[in-house]
Amino acid sequence: MKCFLLISCLVALCHGTENKTKPNIMVIVADDMGFNDVSFHGSDEIPTPNIDALAYNGVILNSHYTQAVCTPSRAALLTGRYPIHLGMQHLLILEPEPWGMPLNETLLPQHLKRNGYVTRAIGKWHLGFYKKEYTPTFRGFDSHYGYWQGFHDYYDHTIRATYSKEYGYDFRRNMTVDWDAKGKYSTTLFTEEAVKLIREHDTNHPMFMYFAHLAAHAGNDQDPLQAPDEEIAKFAHIKDPERRMYAAMVSMLDKSVGSVITALREKHMLENSIIVFMSDNGAASDGIHANHGSNYPFRGIKSSNWEGAMRNIAAVWSPLIKKPKRVSNNLMHVSDWLPTLFTAAGLDHSQLSSSLDGRDQWKAISEAEPSPRTEILHNIDDIFNIRSIRQGDWKYIYGSSGKADEWYGSVGKDALYHYDKDSVINSPVGTAISGVITYQQIKEKNDKLSGHKSENFSVSILDTKEIENLRKEATIVCRKPTPENELENNQCNPIISPCLFNIKDDPCEVVNLATQRPLIVITLEQEIIKYRNTARDPINIPRDPNADPAKYNGVWTNWQDIEVISEKIQFRSLSHLAIALISGACVAVGLIMVVLLTLTCRKAPKRSNPSLYEPAPFTEMECKSDNRFEEREKQLRTSLKDEFREV
């Protein structure tokens with residue numbers, strides 16, 4: 001017995017030690033934030049010192065691709081699979097639609113939880129909620145604080161359906177509606193929750209935090225852009241008032257990044273963490289739910305198949321990265337994060353499905369090795385007759401997204417604007433990472449086996465010259481128009497015929513080379529056919545009128561689990577007086593039933609010849625066995641319940 005206990009203790013100790021060595025993982029996802037809305041890509045308009053400090057100290061992923069809209073991007077991130085293999089290639093989950101991420105998919109938090117991670121989700125979900133099984137805490141997360149839909153109002157947390165009239169409240173702590181959040185700014189609430197979870201975290205276990213911001217998505221159409229007044233005032237130099245408001249929303253997001261990184265540092269978790277920052281898709285510069293973000297200099301906006309929709313902000317920092325302070329132009333897709341983080345965490349890839357579309361990019365990120373990815377399927381949407389693929393430097397695109405096909409967005413350059421490099425170094429993220437680096441240098445200096453000299457550390461603190469060089473390298477510059485570009489054969493009309501672009505030479509998709517390179521067009525079309533043969537039919541389901549929050553106390557809820565949830569919500573909304581009246585009525589009905597039963601079941605008087613047309617009274621045995629009164633009582637209770645529901 002003693003031997004058994006000793007072995008158990010050793011196993012537990014080894015398991016605890018193993019957990020401590022696994023890195024904490026934080027994935028921060030901005031919503032609808034444009035490529036040119038961070039200052040590390042060259043814009044001087046909206047300072048993002050915390051995000052910049054993270055990027056410059058780590059690896060800037062300049063060829064990182066997502067899907068064109070929210071739901072498919074998040075699906076690819078958490079499953080490691082292309083949306084065509086999930087049935088999620090067509091649009092996104094609209095508010096009253098009863099569908100979600102297929103339940104047979106194993107998500108990243110489920111994998112990590114099995115390997116000892118504490119898993120946290122904060123903010124946006126947008127992968128289904130019509131039944132509880134589709135919500136975050138049923139998909140591998142230990143907790144969720146945020147909302148289930150694609151967006152909501154920044155202060156009152158309501159969402160009006162995009163194409164119909166449903167309107168309701170959407171803010172949850174796990175499965176419970178959080179009414180206390182009402183009136184408080186979403187970005188601030190999410191940040192406070194993240195900081196709280198970090199401070200309370202048991203560091204004997206690694207943490208995975210999926211921090212999916214609302215910012216910088218637009219809110220409801222009647223008031224789409226929202227930020228605190230004191231933040232808006234900082235951007236008086238921006239003349240366009242909508243762009244000014246958007247800048248304040250982005251600035252609040254940047255502050256949030258600073259707060260959570262500082263919390264990790266104070267908890268001594270940053271020294272063994274991987275931090276990923278990305279946008280889920282390009283900015284909605286125009287059109288529905290426009291937020292006035294900028295994808296400059298790329299063509300297209302959210303929901304299209306152009307670079308502006310899918311080539312997005314991405315950067316990763318970790319002390320585990322062996323060659324930091326780089327700009328990587330390696331091809332990377334959002335589906336790559338699942339196998340990449342698996343490797344970074346030291347986990348066994350045999351646990352993963354062989355059907356993943358994601359590629360393990362950890363060595364490419366950490367050691368600057370070539371990317372294992374040479375091809376990205378952007379999408380195949382046969383409902384809209386749109387398809388696009390990139391192979392090497394070549395991109396094929398067929399089908400149009402209408403106005404989304406044009407060039408939009410602020411350039412971010414003006415004589416009034418100034419980029420402050422020192423603000424990056426002195427930002428909360430900059431100072432936190434500087435602290436980690438300093439301790440790492442001290443360790444190297446005192447490590448007698450390393451042979452390091454003080455001037456030859458493996459990593460150094462960021463300086464302004466490095467910022468200048470990295471920023472220049474991360475800025476995309478388009479070729480100047482030439483007479484050849486204006487030739488009719490080089491114009492792209494993807495509704496009529498496919499277009500072909502050399503993205504390395506022409507990242508802004510100006511010169512269509514389809515007529516000059518027909519063999520490449522044919523090769524890419526054949527590749528698309530191969531993918532189509534493996535695709536699942538779209539699983540979209542049309543609007544369900546039963547989703548209307550008006551039926552559930554004005555709350556968006558799991559409406560197909562309604563037998564339990566509707567009653568909880570309805571009775572919660574009743575006043576104390578109404579509850580007292582209902583309780584009294586129920587007691588009165590019960591007393592009446594008892595009296596009726598007693599009178600009916602009392603012993604009947606003796607009769608010699610009861611009438612054939614007069615029913616004999618119930619005997620005592622009949623009273624005990626007959627269920628007619630139970631049925632009558634049930635009918636009365638149902639009727640009473642319906643009356644009070646009407647009230």
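This is a predicted model: local features need pLDDT of at least 70, side-chain atom pairs count only at pLDDT 80 or more; totals for chains, interfaces and linings use all residues.

Student: What holds strands of a sheet together in general?

Tutor: Strands pair through backbone hydrogen bonds, and the pairing is either parallel or antiparallel.

Student: Back to this sheet: what is the order of its four strands?

Tutor: The order is S15-S16-S17-S18; the sheet is open and its pairing is antiparallel.

Student: Which strands stand at the edges?

Tutor: Strand S15 (375-381) and strand S18 (499-502) do. Each has a single partner strand, so one side of each is left without a neighbour in the sheet.

Student: By how many degrees are neighbouring strands turned against each other?

Tutor: On average by 10 degrees, with direction ignored.

Student: Which helix lies across S15, S16, S17 and S18?

Tutor: Helix H14, residues 518-534, lies across these strands and runs at about 115 degrees to S16.

Student: Changing topic to the whole protein: how many helices and strands are there?

Tutor: The protein has 18 helices and 18 strands.

Student: What percentage of the residues is buried?

Tutor: Of the 647 residues, 53% are buried. The accessible surface comes to about 29800 Å², and carbon and sulfur atoms account for 55% of that surface.

Student: And the contacts along the sequence?

Tutor: Taking contacts between residues at least 6 apart in sequence, 73% join residues at least 24 apart.

Definitions and conventions:
Residues are numbered from 1 along each chain as its sequence is written. Side-chain values use heavy atoms; hydrogens and water are left out. Helices (H or I, at least four residues) and strands (E, at least two) are DSSP runs, numbered from the N terminus. Buried means under 20% relative accessible area, exposed over 50%, partly exposed in between (1.4 Å probe, protein chains only). Contact means heavy atoms within 4.5 Å. Accessible areas come from the Shrake-Rupley method with a 1.4 Å probe; for residues, only the protein chains shown count as cover. Two strands pair if DSSP finds at least two bridges between them. Axes are lines fitted to C-alpha atoms, for helices over the stretch in contact, and angles run from 0 to 180 degrees between N-to-C directions.
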